[in-house]
Amino acid sequence: MEDQKEWKEIRRETKRLYDEQCKKILSYKQILAYIFKECLEEYKDLSLEKIQELLDEGQSHDKMISKNVEDQSIRGSMIRYDLLYKLRNPQRNDPEGFEEDDFDNLQKVITLWICLRHARYKDNTINTYRIEERNIVGHLKHAKEFYDLMEIILLYPRKRQRS
């Protein structure tokens with residue numbers, strides 16, 4: 001029984017260490033720039049150097065500094081992010097069509113998941129998921145910038161072969 005407790009603690013510590021290492025890796029602008037260029041449509045035609053310039057203006061070093069990772073802006077709830085960065089959209093168009101509400105301040109949210117414990121058939125795969133407009137009634141069409149406010153990226157790195 002004691003061995004099982006110890007084994008669970010070792011596995012928990014290993015997970016924590018993986019998590020910490022991933023956070024360190026994802027704080028480097030060069031790595032983020034490569035991921036954004038490969039995965040996000042807005043950045044695909046930009047050079048890696050230009051993307052790095054767009055990453056959190058005002059930070060002149062090679063590593064990103066995460067914003068406050070606790071968000072209590074929704075009453076009665078707390079949202080915690082592993083890392084929270086702000087980057088400029090190179091196509092910066094403001095949403096259209098809102099009259100009285102302050103929707104001009106809506107920002108696209110990109111969620112990046114690195115999935116380490118996955119089936120081998122997912123090795124070396126990157127998938128993205130995003131919102132798209134589908135007209136059900138009427139003929140109204142918005143520009144993509146109007147609704148393209150969320151994207152999820154799932155990375156499945158290749159697992160190391162055991163010898």
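I call a residue buried under 20% relative accessible area, exposed over 50%, and partly exposed in between (1.4 Å probe, protein chains only). My accessible areas come from the Shrake-Rupley method, and for residues only the protein chains shown count as cover.

**Ground rules.** I am working on a predicted model, where local features need pLDDT of at least 70, side-chain atom pairs count only at pLDDT 80 or more, and totals for chains, interfaces and linings use all residues. Residues are numbered from 1 along each chain as its sequence is written, and side-chain values use heavy atoms, with hydrogens and water left out.

**Entry: salt bridges.** I searched the whole structure and found 9 salt bridges (a side-chain nitrogen of Lys or Arg within 4 Å of a carboxyl oxygen of Asp or Glu).

I started with Glu 41, whose bridge to Lys 144 has its closest N and O atoms 3.2 Å apart. This pair links distant parts of the chain, 103 residues apart: Glu 41 sits in the loop between helix 2 and helix 3, and Lys 144 is in helix 4 (residues 144-147). Glu 41 counts as partly exposed because its relative accessibility is 38%. Lys 144, at 29%, is partly exposed too.

Next I looked at Glu 42, which meets Lys 108 in a salt bridge of 2.7 Å, N to O. Here 66 residues separate the partners, with Glu 42 in the loop between helix 2 and helix 3 and Lys 108 in the loop between strand 2 (79-80) and strand 3 (109-114). Is Glu 42 buried or exposed? Glu 42 is at 10% relative accessibility, so I log it as buried. Lys 108 comes out at 21%, so partly exposed.

I also checked Asp 123 and Arg 120, whose side chains form a salt bridge at 3.8 Å, N to O. Asp 123 is buried because its relative accessibility is 15%, while Arg 120 is partly exposed at 43%.

**Entry: network.** Which residues are linked in a network of salt bridges? I noted Glu 41, Glu 42, Lys 108, Arg 130, Lys 144, Asp 148 and Glu 151.

**Entry: surface charge.** I found a positive surface patch formed by Lys 8, Arg 11, Lys 15 and Arg 117. Patch members have over 30% relative accessible area and no salt bridge, with like charges joined within 9 Å. Lys and Arg count as positive, and I place the charge at NZ of Lys or CZ of Arg. Lys 8 belongs to helix 1 (residues 2-25).

Notes:
Patch = residues over 30% accessible without salt bridge, like charges linked within 9 Å, V, L, I, M, F, W, Y side chains within 5 Å. Areas by Shrake-Rupley, 256 points an atom, 1.4 Å probe, with all protein chains shown as cover. Helix = DSSP H or I, 4+ residues; strand = E, 2+ residues; numbered from the N terminus.
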